[in-house]
Amino acid sequence: MTSPSPAKRFNWSNLGTRVASATVLVPTVVAAVWFGQVWFLLLLAVCTALLAREWGMMSAPKAPVGVAVAVGVAVLISLVAAFRGHYILTWPLAGAGAVAAALLARGAVERRADAAYGVIYIAPACITLLWLRLSPAGLSWTLMLFAVTWFADIFAYVTGSILKGPKLWPRFSPNKTWSGFFGGLLAAALAAVGVDLLAEILPRLPDTDLTWPVAAVIGFLGGLATMTGDLWESMLKRRFGVKDSGDLIPGHGGLLDRVDGLMFAAIVVAAVRLFDQWGWLP
């Protein structure tokens, strides 16, 4: 018997569910990014609450509410401080929240550090996302970040599902392939160049003042960070013995399953943006 063709092996039903979810989520995210300021802060606040809830359920199934509240409050307070421009206060606030999460998880988890890590995991990504959007030309840079992570994730899934081939890291993520990895990186680089070109054409988008090769490198680094974040979350889920972080988004699982790569990519792209402000980019 001959094996089915790659097209027949492709999970079209799951792709359809993913697309339907994206149809709802993408316009909401883009609108919040576009209007910025308090609207973007509100988006991050809602996401923080949902991520804290999922982290509490994964890391402390015997006491999810207490851990979720500690993690969520710590990150939210840090976000408000960052929004007010007090970035120097965000890290001690987040540190205090991590300690509180560990204390609340006493007796509920094998290692209380698992609960505390929720703050360390979520806070830096949210703070850097907010900083990136509020920085000069932040609209274009933030749209570039989201385009890079979305393209990396989508085309890694599509390319890997169609071409298949050797597994990337079967111990922690048996469904990811090297073909998907390289397909996602290429798509991420092209997405960054595309947003950079749009910023030069559309008057509403501030110019990033990047050359297209630099934009491609930023996309590549952002795509690499996206893949790394995805693999890191796979290891965390294996550690906690769960398949998905939740069931909030049909076809994707929990919100953490959807933004795991974005959380890593946000830090990388924000760092590049900081280097750009310092004049370190060509």
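Which pattern does the protein chain follow when read along the sequence? In this predicted model, for which local features need pLDDT of at least 70, side-chain atom pairs count only at pLDDT 80 or more, and totals for chains, interfaces and linings use all residues, the order of elements along the chain is α-α-α-α-α-α-α-β-β-α-α-α. Residues are numbered from 1 along each chain as its sequence is written, and side-chain values use heavy atoms, with hydrogens and water left out. The chain holds 10 helices and 2 strands, where helices (H or I, at least four residues) and strands (E, at least two) are DSSP runs numbered from the N terminus.

Of the 282 residues in the protein chain, 49% are buried; here buried means under 20% relative accessible area, exposed over 50%, and partly exposed in between, with a 1.4 Å probe and protein chains only. The chain exposes about 13900 Å², of which carbon and sulfur atoms supply 71%, the accessible areas coming from the Shrake-Rupley method with a 1.4 Å probe and, for residues, only the protein chains shown counting as cover. Among contacts (heavy atoms within 4.5 Å) between residues at least 6 apart in sequence, 71% join residues at least 24 apart.

The unreviewed UniProt entry places the feature "transmembrane region" at residues 20-51, 63-83, 89-108, 115-132, 138-158, 178-198 and 210-232; UniProt positions are given in the numbering used here, feature names are shortened, and annotations may be inferred rather than shown by experiment. In the model, the span 138-158 is 100% helix and 0% strand, with its end C-alpha atoms 30 Å apart, and the span 210-232 is 91% helix and 0% strand, with its end C-alpha atoms likewise lying 30 Å apart.

The two strands, β1 (residues 167-169) and β2 (residues 173-177), run antiparallel and are joined by 2 bridges, two strands being taken as paired if DSSP finds at least two bridges between them. They form a hairpin with 3 residues between them, in which K167 stands opposite T177 of β2.

Helix α3 (residues 37-59) contains T48, which is buried at a relative accessible area of 1% and which, when residues up to four places away in sequence are not counted, touches G72, V75, L76, L79 and C126. Q37, also in helix α3, is partly exposed at 48% relative accessibility and has a positive phi of about 50° although it is not a glycine. A positive phi, of about 60°, is also found at the non-glycine residue A137, in the loop between α6 (112-134) and α7 (138-163).

A nonpolar surface patch of about 630 Å² is made by V65, V69, V73, I77, I88, L89 and L93. Patches consist of residues with over 30% relative accessible area and no salt bridge, like charges being joined within 9 Å and nonpolar side chains (Val, Leu, Ile, Met, Phe, Trp, Tyr) within 5 Å. Helices α4 (64-83) and α5 (87-104) each supply at least two residues of the patch, and α4 gives its largest share, 4 residues.

R239 is partly exposed at 43% relative accessible area, while D114 is buried at 11%. D153 and R258 also meet in a salt bridge, at 2.1 Å from N to O, and because D153 lies in helix α7 and R258 in helix α10, the pair ties together parts that are 105 residues apart in sequence. Within helix α9, E233 and K237 lie 4 residues apart, about one turn of the helix, and salt bridges that share partners join E233, K237 and D257 into one network.

Note on methods: Salt bridge = Lys/Arg side-chain N within 4 Å of Asp/Glu carboxyl O.
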